Amino acid sequence: MVRLFKSTLVYQGYAEGFYAQRPEQARLPFAEQIASFLADGFSFGDSWKHYLEASGRYEVMEVVLNAEPAQRQWAIEHGLPCPARGWSEEILAAQLAEFKPDVWFCHSWLAPEQRLRLRRGCPSIRYVVGYDGALNHAPEHLAGCDAVLTCVRESADFYTRAGFR
């Protein structure tokens, strides 16, 4: 079974609006918060988890890095401190370490040095997939990725020429 970890960011306004419309969500356990957040259908929603796990060949963990109440709840449930600043990368590193993924779909614009540091800190990761669906065409921003997923033919061609799968 392949263990796939998907980290993403959503528009900050969407994340804030989700919790503003459902303030009770912030008090729920992480698993319930993230399931509700993803079931709302924004961005990829829960399609990765739903369809890949249904195949019987994948176990998927999804996190939304800027769904702050959910991420902080995960930290509380796992006995991690949540400082006012700098908590996001620390929680993500702990989530990767605990889940021990084979593949990390990093659909989040982390700084290249963050992605490289996180990848080095989780030896189970064998393959990292980045994302560019907005014609960014910035291979330097995808350092530490083995492949790039895109929905744009021009970007697929660009990243193939840049040496990505």
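Student: How do you know that the end-to-end span of helix 5 agrees with what its residues should give?

Tutor: Let's check it, keeping in mind that this is a predicted model. Helix 5 covers residues 87-99, which is 13 residues. The expected span is 1.5 Å times one less than the number of residues. That should come to 18 Å, and the end C-alpha atoms are 18 Å apart, so the two agree.

Student: Which residues of helix 5 are called buried, and what makes them so?

Tutor: They are Trp87, Ile91, Leu92, Ala94, Gln95, Leu96 and Phe99. The word buried means under 20% relative accessible area, so each of these falls under that cut-off.

Student: What do the buried residues of helix 5 pack against?

Tutor: Quite a list! There are three strands to look for: strand 1 (2-8), strand 2 (58-64) and strand 3 (103-107). Then come helix 2, helix 4 (68-77) and helix 6 (112-120). Just after helix 5, look at Lys100 too, which takes a positive phi of about 55 degrees.

Student: Why is Gln33 called buried?

Tutor: Its relative accessibility is 0%, so Gln33 counts as buried, the cut-off being under 20%. Gln33 lies in helix 2 (residues 30-39). Leaving aside residues up to four places away in sequence, Gln33 touches Tyr19, Gln25, Ala26, Arg27, Leu28, Pro69, Ala70 and Gln73.

Student: And what makes Gln12 partly exposed?

Tutor: Gln12 has 39% relative accessibility, so it counts as partly exposed. You'll find Gln12 in helix 1 (residues 12-21). Gln12 and Gln33 are 21 residues apart along the chain, and their C-alpha atoms are separated by 17 Å.

Student: Where is Gly133, and why is it called partly exposed?

Tutor: Gly133 sits in the loop between strand 4 (127-131) and strand 5 (147-149). Its relative accessibility is 30%, so Gly133 counts as partly exposed.

Student: What is the phi of Leu135?

Tutor: It is near 55 degrees, a positive value in a residue other than glycine. Leu135 is in the loop between strand 4 and strand 5. With a relative accessible area of 43%, Leu135 is partly exposed. His137 is in the loop between strand 4 and strand 5 as well, and its phi is positive, about 45 degrees, although it is not a glycine.

Student: Why does His137 count as partly exposed?

Tutor: The value for His137 is 21% relative accessibility, so it counts as partly exposed; buried would need under 20%.

Student: How many helices and strands does the protein chain have, and what makes it as compact as a globular protein of its length?

Tutor: There are seven helices and five strands. The radius of gyration is 16 Å, close to the 15 Å that the globule rule gives for 165 residues, so the chain is as compact as a globular protein of that length. Along its principal axes, the C-alpha trace spans about 45 × 35 × 30 Å. Of the 165 residues, 41% count as buried.

Terms used: Residues numbered from 1 in each chain as written. Predicted model: local features only at pLDDT ≥ 70, side-chain atom pairs only at ≥ 80, totals over all residues. Heavy atoms only, no water. Helix = DSSP H or I, 4+ residues; strand = E, 2+ residues; numbered from the N terminus. Buried < 20%, exposed > 50% of the residue type's maximum accessible area, 1.4 Å probe, protein only. Contact = heavy atoms within 4.5 Å. Rg over C-alpha atoms; globule rule 2.2 N^0.38 Å.
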